[in-house]
Amino acid sequence: MGSSWIAMVDCNNFYVSCERVFDPSLEGCPVVVLSNNDGCVIARSEEAKTMGIGMGEPAFRRRKFFESHGVRVFSSNYALYGDMSARVQQVLARFSPEVEPYSIDECFLLLRLKDDAALSSLAKDIRKTVRRWTGIPVCVGLARTKTLAKVANRLAKKRAEGQGVWMLDRPETIEQELSRLEVGEVWGIGRKNAARLARYNVRTALDLVRRPRDWVRRQLSITGLHTALELQGIPAIAFQEHPPAAKSVTCSRSFGVRIGEAAALEEALCAYVQRAAEKLRGRRLEAGVVQVFLATNRFVEEPQYSDSAVFSLPTPTAYTPLLQRAALDLLRKIYRKGYLYQKVGVLFLELIPRGQRQRSFAEYGHASEVCRQEELMRVLDGVNGRFGRGALRFAGDGLGPKAWHMRQEHLSRRYTTRWAELPVVR
């Protein structure tokens with residue numbers, strides 16, 4: 001009898017694993033990856049974890065420790081990590097046509113098998129193939145629902161006897177594991193809800209499952225009820241091969257140094273608008289509203305200021321010059337001289353799919369101009385797609401050295417997306 005199973009495939013210590021694929025000397029060494037501007041620890045190897053290095057620790061406080069204990073430190077290399085994530089997903093698609101990317105290092109697979117006994121063997125094959133073809137180690141959790149598959153994946157990481165694969169199939173086994181799992185560790189519950197549930201003596205996932213459905217819905221809304229049902233093996237969270245359309249697109253960065261000059265802020269904002277507009281076009285979306293925000297560093301003892309402004313475009317667009325012009329007008333309204341700014345950013349809102357709106361009479365009078373704009377953006381994106389982001393760009397983001405660029409003192413090469421940075425074998 002045929003049946004459906006959910007596999008949760010999670011890449012182990014993903015950012016660290018990506019660095020190790022191209023630098024085998026990192027194997028067995030403590031490794032950490034830092035956030036934007038080399039601020040905080042956002043990824044750790046198992047060796048780094050055993051040293052007591054915590055997630056989110058400020059890097060500057062651990063600098064001497066890193067040096068004295070031989071910890072290898074890397075800046076976030078998002079170009080590399082994003083490409084490696086896509087490669088892993090391509091491998092997973094060979095095992096099932098129904099793949100739902102959940103995050104950069106996690107995917108759900110829907111497995112439809114006639115023989116459930118073959119499931120464990122298939123999961124082991126997934127692990128082996130992903131590792132052989134991409135170099136990335138993964139763990140696989142198997143269950144009838146997405147929430148239980150997340151629980152199973154957690155066990156696959158912790159239980160060495162499973163060799164990276166864990167299946168939750170029998171009711172008595174599921175109940176036993178849920179009795180050991182803190183409710184705050186359940187996917188979708190979190191610490192805040194866990195604190196509320198603790199007041200009612202609901203401390204484990206099994207405690208939650210045993211509560212009446214009406215009570216769960218009152219405490220955790222319909223979303224929490226779906227989670228409780230899934231823990232009982234009842235599918236309640238839909239499998240989505242195609243994620244829902246984005247409701248917003250944003251691009252912002254913390255600067256490598258604090259910036260006070262308006263011209264430098266404008267350059268940074270132009271660069272971020274170009275990147276965000278590229279994302280819009282890649283998703284075949286147009287923006288109806290532009291928002292710009294600006295902020296100083298609230299962790300520094302000096303005058304503080306932050307503000308934002310919004311502009312509704314006459315016509316939704318993904319044409320970079322129009323978006324850039326609107327963003328710069330907003331920045332000039334909210335900029336105040338005399339402050340050192342840490343961040344500027346742009347947010348596009350009221351997104352609609354390209355070609356799925358009613359055009360005004362005024363637009364029909366400028367149809368040829370709109371076509372010209374769209375063709376120009378196709379050429380721009382095509383060149384940058386072939387030769388690398390920034391091969392063609394607008395002059396608004398400056399021509400010389402940029403003080404506002406992020407601090408990335410430990411950045412590895414973009415081995416898979418830049419010809420000039422390909423690994424060299426000697």
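The second largest pocket of this predicted model has a volume of about 1200 Å³. A pocket is here an open set of points, on a 1 Å grid over the protein atoms alone, with protein on both sides within 12 Å along at least five of seven lines, and a lining residue has an atom within 4 Å of a point. Grid points are joined across faces, edges and corners, and a volume is the space filled by probe spheres set on the points. There are 43 lining residues in the second largest pocket, and those closest to its centre are D10, C11, N13, K49 and K157. By class, 16 of the lining residues are nonpolar, ten are polar and 17 are charged. In this division Ala, Val, Leu, Ile, Met, Phe, Trp, Tyr, Cys and Pro count as nonpolar, Asp, Glu, Lys and Arg as charged, and the others, Gly among them, as polar.

At least two residues of this lining come from each of β1 (3-11), α1 (14-22), β3 (41-44), α2 (46-50), α5 (119-134), α6 (146-158) and α8 (190-198). Helix α6 contributes the largest share, seven residues. Helices (H or I, at least four residues) and strands (E, at least two) are DSSP runs, numbered from the N terminus. Residues are numbered from 1 along each chain as its sequence is written. As the model is predicted, local features need pLDDT of at least 70 and side-chain atom pairs count only at pLDDT 80 or more, whereas totals for chains, interfaces and linings use all residues; side-chain values use heavy atoms, with hydrogens and water left out.

Strand β1 also takes part in the pairing of strands. Eight of its nine residues are buried, so β1 is largely enclosed by the rest of the structure; buried means under 20% relative accessible area, exposed over 50%, and partly exposed in between (1.4 Å probe, protein chains only). Two strands pair if DSSP finds at least two bridges between them. With strand β6 (residues 106-113), β1 pairs in the antiparallel sense over eight bridges. In this pairing W5 has L111 of β6 as its bridge partner, and M8 has F108. The pairing of β1 with strand β7 (residues 138-143) is likewise antiparallel and runs over six bridges, with L142 of β7 as the bridge partner of A7.

Strand β6 is largely enclosed by the rest of the structure, because seven of its eight residues are buried. It pairs in the antiparallel sense with strand β5 (residues 99-103) over four bridges, and V99 stands opposite L109 in β6. A hairpin through two residues joins β5 to β6.

One cavity of 30 Å³ or more is counted. A cavity is a set of grid points where a 1.4 Å probe fits but cannot get out. The largest cavity has a volume of about 40 Å³ and is lined by V9, C11, S85, V88, Q89, L92, S103, I104, D105, E106 and C107. Its lining draws at least two residues from each of β1, α4 (78-92) and β6, and α4 supplies the largest share, four residues. Six of the lining residues are nonpolar, three polar and two charged.

Helix α1 is largely enclosed by the rest of the structure, because seven of its nine residues are buried. The buried residues are F14, Y15, V16, S17, C18, E19 and R20. Their cover includes β1, β2 (31-34), β3, α2, β4 (72-75) and α4. In helix α5, A123 counts as buried because its relative accessibility is 1%. A123 touches V140, L142 and V165, residues up to four places away in sequence not being counted; contact means heavy atoms within 4.5 Å. The C-alpha atoms of A123 and G164 are separated by 9.0 Å, and the two residues are 41 residues apart along the chain.

Helix α12 (residues 320-334) has 15 residues and should span 21 Å at 1.5 Å a residue, which agrees with the 21 Å between its end C-alpha atoms. The expected span is 1.5 Å times one less than the number of residues. The buried residues of α12 are T320, P321, L323, Q324, A326, A327, L328, L330, L331 and I334. These buried residues pack against α11 (262-282), β10 (285-296), β11 (306-317), β12 (341-349) and α14 (367-387).
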